[in-house]
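Dear colleague,

Please find the structure below, together with its sequence. My notes on it follow directly, and I would be grateful if you read them with the coordinates open.

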Amino acid sequence: MQTAHIAHLYDDPGPFASVLVDVSRDHEDAAHEVELRAREVREQLSEQGAPDQVAVAVADRLVTNPHQPAPLSRLVVATERGVLLDETMHERTSRPQAVWAPLPDLHRWIAAQDGSLPFVLAVVDHEGGDVGLFRSELANADEQAAAGGGTEAAHEEDASGRSHQRYQNVTETIWHRNAEAVVDQVLSHVRAGVETVLIAGEPRSRSDVETMLESTPADVVQLETGSRAADGGGEALWGAVHDALVATVAGRRLQVAHELRDRLGTGRSVATGVADVADAFVRGQVETLVFDPDATAEQTLSPTEHPGLALGAVDVAEPVRADLALVAAAALTGADATVAGTEALGGASTAALLRWDQSG
């Protein structure tokens, strides 16, 4: 995942309250359960030394209904200056997290985000298309827009006899115009940073849209199912969406794993282990931080042993959890972050793909 959007957190000197809690409201007592979790979080933060104003601000934010479908978890990061980050993700959190620490605790959130991605779904036919921006496999669009929809001209001539050729030509023009309208909607999301586009619907229309998107930097995938029915295409469509997303996420992780394996094999443009990765951050080499969240969290890193390690406004003299420091360095240097098991990391807890090799 890209970490640049969390870089602002490190403008604050901390310490930080980092809370990740399930806030799903999908049954009768759900609101009460969320209140109980918020109260528990407030108590845990206070026990760890967080000022009361911080603990209260976090708890108050947790009980505010975000009006999003379940499953739903909420990440809140706050300091004495207020709430700095409030993010939701559509999965359940079985173990509530409440941490008061010198740096934000984001490793569980990053692990969850790494398996989720925003995508555009365009369901198209000869009459137009529906374009929606989604995250993961949810069937609830964050944004939706209708595109195309012009069919009147296609019915001006009878589709028989001498007028048949004109009917075909007019229909071709309308299909193309509707496809262009769909593409305009899709491209607006791609320009905003969405990297995955799924196209469903009538085969000819989705092929037209895919052709028009050939030059886009996004991954464009045709789904062999789906229609613009009133129910949004039903279970078959969302099953195909789910399968495509799983394949996309798995493909991206596999690509990183292969790249890491190849570099480990040659010993070039790669760093392994907490200390070596920290030094690579100091040199500005890290392109992608690859880490096992739990294994890295079990280790510590002393910033004083790595002069120049970017931690923003935070002044940390004592050793801290390694994942907290490395995620901070990734965010502040514009590096990506992704998760992998220690087996993929050659037995290490942490590795980094480097922009350039020191010996090169």
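Asp22 has Ser73 as its bridge partner in E2. Helices (H or I, at least four residues) and strands (E, at least two) are DSSP runs, numbered from the N terminus. Two strands pair if DSSP finds at least two bridges between them. E1 and E2 run antiparallel and are joined by 6 bridges.

This is a predicted model, in which local features need pLDDT of at least 70 and side-chain atom pairs count only at pLDDT 80 or more, while totals for chains, interfaces and linings use all residues. Residues are numbered from 1 along each chain as its sequence is written, and side-chain values use heavy atoms, with hydrogens and water left out.

The sheet with E1 and E2

The strand order in this open sheet of 4 strands is E3-E2-E1-E4, and the pairing is antiparallel. Its edge strands are E3 (82-89) and E4 (97-101), each of which pairs on one side only. From one strand to the next, the twist averages 10 degrees. Angles run from 0 to 180 degrees between N-to-C directions, and axes are lines fitted to C-alpha atoms, for helices over the stretch in contact.

Strand E1 (residues 16-22) is also joined to E4, in the antiparallel sense, by 5 bridges. Ala17 has Trp100 as its bridge partner in E4. The bridge partner of Thr79 in E3 is Gly82.

E2 is largely enclosed by the rest of the structure, because 7 of its 7 residues are buried. Buried means under 20% relative accessible area, exposed over 50%, and partly exposed in between (1.4 Å probe, protein chains only). In a regular strand the side chains alternate between the two faces of the sheet. Both faces of E2 are covered: Ser73, Leu75, Val77 and Thr79 are buried on one side, and Arg74, Val76 and Ala78 on the other.

Contact means heavy atoms within 4.5 Å. Two packed helices are described by the angle between their axes and the distance between the axes. For H1 and H2, the axes come within 9 Å and cross at roughly 160 degrees. The two helices are therefore roughly antiparallel to each other; angles under 35 degrees count as roughly parallel, over 145 as roughly antiparallel, 65 to 115 as roughly perpendicular and the rest as oblique.

On the H1 side, Val34, Glu35, Ala38, Val41, Arg42, Leu45 and Ser46 take part in the contact, and on the H2 side Asp52, Ala55, Val56, Val58, Ala59, Leu62 and Val63. These residues divide into 10 nonpolar, 1 polar and 3 charged. Here Ala, Val, Leu, Ile, Met, Phe, Trp, Tyr, Cys and Pro count as nonpolar, Asp, Glu, Lys and Arg as charged, and the others, Gly among them, as polar.

Strand E5 (residues 118-125) and E6 run antiparallel, joined by 8 bridges, and form a hairpin with 2 residues between them. Phe119 has Phe134 as its bridge partner in E6. Of the 8 residues of strand E6 (residues 128-135), 6 are buried.

Thr196 belongs to strand E8 (residues 196-201) and is buried, with a relative accessible area of 0%. Beyond residues up to four places away in sequence, Thr196 touches Leu117, Pro118, Phe119, Val120, Ala218, Asp219, Thr248 and Arg252.

An open sheet of 4 strands, in the order E10-E15-E11-E14, has mixed pairing. Strand E10 (270-272) and strand E14 (336-339) are its edge strands, each pairing on one side only. Helix H7 (residues 274-282) lies across E10, E11 and E15, at about 135 degrees to E10.

Glu318 is located in the loop between strand E12 (300-301) and strand E13 (320-321). At 57% relative accessibility, Glu318 counts as exposed. Not counting residues up to four places away in sequence, Glu318 touches Leu301 and Pro303.

With kind regards
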